[in-house]
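Welcome, and please open your viewer. We will go from stop to stop, with something to select at each one.

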Amino acid sequence: MDYEAREIGEAEISSLQETFAELRDRLKMGVVGQSRTVLNILVALLADGHVLLEGAPGLAKTRMARLLAESFEGEFHRIQFTPDLLPSDLTGSTIYDQREHRFDFQTGPLFGNFILADEINRAPAKVQSALLEAMEERQITAGKTSYPLEQPFCVIATQNPIEHEGTWELPQAQLDRFLLHLVIAYPESSAELEILDLAMREAAEGIATPPHLITKEELADARRSVLAVHVSEPVRDYVVRLVAGTRGDPDPIEGVGEHLSHPASPRGSISLVRAAQARAWLSGRDYVLPEDIGDLAPDVLRHRIGLSYRAEAEGIEAGEIIAALLEQVPVI
């Protein structure tokens with residue numbers, strides 16, 4: 001269902017920002033030690049994008065996705081990706097109805113609002129192509145018929161960087177459809193103590209339910225108000241120079257181009273601006289600052305650049321290249 005565009009007043013925008021601030025605080029309490037990840041997942045949701053979470057087992061990736069989905073109106077579906085998965089296991093299949101003497105399409109788990117694609121890199125290419133259409137086109141095609149997906153439609157995928165047996169590297173076309181690629185690190189010992197206390201409390205009392213669900217219409221209104229956040233010409237110019245810097249345009253940047261097999265495309269610029277608008281809105285601003293761009297650039301560009309064989313051999317990571325880019329490209 002698409003909600004009709006309507007004018008949103010300042011008081012309503014302020015109320016929506018308070019609602020999402022409360023959600024952010026609740027998620028931070030439920031996923032201890034991952035404040036930045038919580039913020040950026042909300043950024044992706046408000047920017048109508050998808051998220052790839054990468055981290056070792058036990059770092060609350062699945063929990064984070066579930067707590068987010070359970071705070072909103074809509075259906076949450078979890079899909080465990082395995083090497084024997086078929087595209088129809090995601091999209092659904094056509095089944096013959098003997099009583100009616102006709103074929104009916106039975107929808108699969110992709111027909112939901114919040115989709116957790118668990119261990120996405122365990123799925124083969126055909127499954128990836130089915131997911132790609134849903135993520136990009138917001139529709140699923142079965143035979144000659146295309147079925148639109150209801151809004152909101154958000155894919156939160158998880159990936160384990162440790163195990164490589166029985167996994168496939170995600171195609172670049174698939175990676176590029178994720179707005180953000182978030183790398184989740186191990187918590188500090190002080191945070192781990194809080195995690196232990198939280199686990200013991202939930203085992204005894206159960207997981208607290210949200211006080212109220214954010215409706216689909218509220219999310220649609222929030223997304224429209226995010227799109228109205230002002231992005232000045234100097235900030236837009238800074239974004240373009242950052243992304244073009246991965247291509248050595250206009251001049252090569254030391255520590256960047258020589259380590260890349262392929263640079264970021266214009267989708268990187270678009271994604272960076274959309275994410276920055278959402279981040280500014282969550283901070284209570286109606287304008288984007290260069291700091292929004294700098295903070296989000298690693299998560300927006302990490303999966304959009306390819307490392308050369310030499311860079312991989314020398315142990316150079318994408319984050320180091322993006323740090324060099326941010327350091328050498330002036331804001332003005």
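This is a predicted model: local features need pLDDT of at least 70, side-chain atom pairs count only at pLDDT 80 or more; totals for chains, interfaces and linings use all residues.

Helices (H or I, at least four residues) and strands (E, at least two) are DSSP runs, numbered from the N terminus. With that in hand, select Arg 122, whose place is in the loop between E5 and helix H5 (125-137). Is Arg 122 buried or exposed? Arg 122 is buried, with a relative accessible area of 16%; buried means under 20%, exposed over 50% and partly exposed in between, using a 1.4 Å probe and protein chains only.

Residues are numbered from 1 along each chain as its sequence is written, and side-chain values use heavy atoms, with hydrogens and water left out.

Next stop, the sheet. Colour its five strands in the order E2-E5-E8-E1-E9; the sheet is open and the pairing is parallel. Strands pair if DSSP finds at least two bridges between them. At the edges are strand E2 (76-80) and strand E9 (180-183), each pairing on one side only. From one strand to the next, the twist averages 15 degrees.

Show helix H2 (residues 35-46), which packs on the sheet and touches strand E1 (51-54), E5, strand E8 (154-159) and E9. Contact here means heavy atoms within 4.5 Å. The direction of H2 makes about 165 degrees with that of E9; axes are lines fitted to C-alpha atoms, for helices over the stretch in contact, and angles run from 0 to 180 degrees between N-to-C directions.

Zoom in on E2 and strand E5 (residues 114-118), which pair in the parallel sense over five bridges. Pick Arg 78, and look for its bridge partner Leu 116 in E5.

Thr 94 has Phe 105 in E4 as its bridge partner. Four residues lie between the strands of this hairpin, and His 101 takes a positive phi near 55 degrees.

Last, select helix H8 (residues 216-227) and helix H10 (residues 266-282), whose axes come within 9 Å and cross at roughly 110 degrees.
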